[in-house]
Amino acid sequence: MFPSRDALAAAAAERFAAAAEEAIAARGRFVVALSGGTTPRQLYERLAAEPHAAVVDWPRVHVFWTDERAVPPEHPASNYRMARDALLARVPLRPELIHRIHGEADPEVAAAEYERTLRATFDTPTGPPRSVAGARFDLVLLGLGEDGHTASLFPGRASIHERVLWAIADWVPATPAGRVTLTPPVLAAAADLLFLVTGREKAAALRRVLRGPSTPDLLPAQVVARRNDCVRFLVDAESAAELEPKGNSER
Ligand code: 6PG
């Protein structure tokens, strides 16, 4: 547990940079899925500043998103726009390695196109995602909604049980409703998943996800959190307010 959002963002930036260095040293590239919403903005801004801006080998970083809203890239609700303004436009990424989900398109079309790009990137033309180095995300960043959703996997939605498609469109009880999201199999195959959770308003959801019974239909974040042994929760004191004390700063 971190004392502040700033301390959490600093720790997350260190983990991002370390994961990038390890992947690039091993395979010549780092494939990351960025989360949307508001929590990760501080992390992205830190990565765009010194020392990380100079340390990360940005031209070898492949950028994806965990999900996107069905809005154009310039829309205030666009997850792409948030990441572009906070990070992507401020570091020397190769434009052809920035794989935004086309929120301006029909979500079904955008999801199918995104899946094709994912399959090509991971050299897996057919079949399920492979938990093999180089054939999966090196790092996935995730947030947690007050209702227990993560990415755009929302309570009660069929997407929670999707086992074949890698990306799907959905109309969710949030604004904007139209979404494209990575599915549980892709998330579960990742080498490293980092939930970033801050704020007192997330404390109840965090307690239920981490300490409550397994109810993935009500708490989709559990689908991810309990299906991969490389999941870490970076939480601040406010969001951890309903958790019993534990020794380490991660959960
Ligand atoms: C999105 C995100 C979503 C987000 C949570 C938390 O598109 O909204 O992918 O899963 O991580 O809703 O959002 P905040 O960080 O804004 O609390």
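Predicted model: local features only at pLDDT ≥ 70, side-chain atom pairs only at ≥ 80, totals over all residues.
Student: Which residues of helix 1 are buried, and what covers them?

Tutor: Buried means under 20% relative accessible area, exposed over 50%, and partly exposed in between (1.4 Å probe, protein chains only). The buried residues of helix 1 include Leu-8, Phe-16 and Ile-24. Among the elements that cover the buried residues are helix 2 (41-47), strand 7 (193-197) and strand 8, where contact means heavy atoms within 4.5 Å.

Student: Is Leu-234 buried or exposed?

Tutor: Leu-234 is found in strand 8 (residues 231-235). Leu-234 counts as buried because its relative accessible area is 0%. The C-alpha atoms of Leu-234 and Phe-195 are separated by 6.0 Å, although these two are 39 residues apart along the chain.

Student: In what order do the three strands of the open sheet lie?

Tutor: Strands of a sheet pair through backbone hydrogen bonds, either parallel or antiparallel. Two strands pair if DSSP finds at least two bridges between them. Here the order is 3-6-5, with antiparallel pairing. Strand 3 (67-69) and strand 5 (167-171) are the edge strands, each pairing on one side only. Five bridges join strand 5 to strand 6 (residues 178-182); in strand 6, Thr-181 is the bridge partner of Ile-168.

Student: What packs on this sheet?

Tutor: Axes are lines fitted to C-alpha atoms, for helices over the stretch in contact, and angles run from 0 to 180 degrees between N-to-C directions. Helix 5 (residues 107-121) packs on the sheet and touches strand 5 and strand 6; its direction makes about 160 degrees with that of strand 5.

Student: Where does the side chain of Asp-67 lie relative to the ligand?

Tutor: A polar contact is a pair of N or O atoms within 3.5 Å. A polar side-chain atom of Asp-67 lies 2.6 Å from an oxygen atom of the ligand. For Ser-35, a polar side-chain atom lies 3.4 Å from a ligand oxygen atom.

Methods. Residues numbered from 1 in each chain as written. Heavy atoms only, no water. Helix = DSSP H or I, 4+ residues; strand = E, 2+ residues; numbered from the N terminus. Polar contact = N/O pair within 3.5 Å; in protein donor to acceptor, adjacent residues only side chain to side chain.
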